[in-house]
Amino acid sequence: MLLSEIHKSTKEKFDEFGIQTSEIDSRTIIKKILNLSDKDFIMDTKISLSNKESEYLSKVVLQRLSGKPLSRIFGSKEFFSMKFDVNEFVLDPRPESEILVEKALHLIQENNLKSILELGVGSGCIIAAILSNSIGTKAVGVDISEQAIMTAKSNLIKNGIKNFDLVVSDWGLSLNRAFDIIISNPPYIKTNEIKNLNKNVKDHDPLISLDGGVDGLDCYRVIANQSTQLINEKGYILVEIGHDQAKGVEKIFGNNDFLLTNKVKDYSNLDRVLIFVKKKIKK
Ligand SMILES: C[S@@+](CC[C@H](N)C(=O)[O-])C[C@H]1O[C@@H](n2cnc3c(N)ncnc32)[C@H](O)[C@@H]1O
């Protein structure tokens, strides 16, 4: 059987169920199960599936049709060209969070920032991407979930990263020092909107990584308030936000004497990252 035939029939099944990523999902699954390269795909190699491969393929296709994301089926996800283990205790790393990483790396390089704090590390994808792409930096990452911290630790080690400390903590409560840059992608979905999320998300991402309280902004209130003690005088705070939260989050940080310096859009032209500095208080 030609590879293209297996791909076509798999993709068609996904199309029937309205899976919008049918092309890439089918390709990824087949490549993974048969251990194939992109070149094998282009060459349209002729292959015969063993019974075991055939059964595995059907099982994975069924799981995907039931709404399970590929990262949850295979237990890993690529982020910033690095590989991260994903499990039920951590958020599935999102491509849009790469924007947060890019902006942080730019600020770190431009301003020679050295100490980094990430609030809510989850799988560790953000802090790992920043540390492995900056020189002379050291990071502390916190998460309230002990299992998330264990997952992040294993992911950082697997990616060869050493210059970090990971702490189980309710945001920055257990920290008593200040940092050059604080980064956070906190839970920001309104509690009563969680039930309306796509099955991919609501059935697989941990609630604690999604629930931002009644107006979705609870975590920003705590983070902005704690950041007054956790950020150095010339430091930067970068937060990821929901598409309609820029005004609300700007106000919360403004009330804590932080000034919005940059609002960054994502690939869909929606507000995604806000960057704050300390307001200069006139003496
Ligand atoms: C949206 S997820 C982001 C995870 C990861 N940084 C990423 O972008 O993939 C938010 C993270 O914040 C953590 N979290 C929620 N409440 C927290 C709290 N009170 N203190 C510390 N971390 C918290 C969750 O466990 C979760 O890992």
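## Helix α8 and its end

Helix α8 is followed by Gly 160, whose phi is positive, near 75°. The model is predicted.

How far apart are the end C-alpha atoms of α8? They are 18 Å apart.

The buried residues of α8 are Ala 148, Ile 149, Thr 151, Ala 152, Asn 155 and Leu 156. Seen down the helix axis, they fall within an arc of 160°, so they line one face of α8. An α-helix has 3.6 residues a turn, so residues three or four places apart point the same way.

What covers the buried residues of α8? The cover includes β2 (82-85), α7 (125-131), β4 (138-143) and β5. On the other side of α8, Met 150, Ile 157 and Lys 158 are exposed.

Lys 162 sits in the loop between α8 (146-158) and β5 (164-168). Is Lys 162 buried or exposed? Its relative accessibility is 75%, so Lys 162 counts as exposed. From Lys 162 to Gly 67 is 95 residues in sequence. In space, their C-alpha atoms are 36 Å apart.

## Helix α6

Helix α6 has 15 residues, 97-111. At 1.5 Å a residue they should span 21 Å, and the end C-alpha atoms are 21 Å apart, which agrees. Buried residues in α6 include Ile 99, Leu 100, Val 101, Leu 105 and Ile 108. Asn 112 follows α6, and its phi is positive, near 55°.

## Domains

The chain is divided into domain 1 (3-66) and domain 2 (77-278). Their centres, taken over C-alpha atoms, are separated by 34 Å.

Notes:
Residues numbered from 1 in each chain as written. Predicted model: local features only at pLDDT ≥ 70, side-chain atom pairs only at ≥ 80, totals over all residues. Heavy atoms only, no water. Helix = DSSP H or I, 4+ residues; strand = E, 2+ residues; numbered from the N terminus. Expected span 1.5 Å × (residues − 1). Buried < 20%, exposed > 50% of the residue type's maximum accessible area, 1.4 Å probe, protein only. Domains from an automatic or database assignment. Arc of directions from axis to C-beta. Contact = heavy atoms within 4.5 Å.
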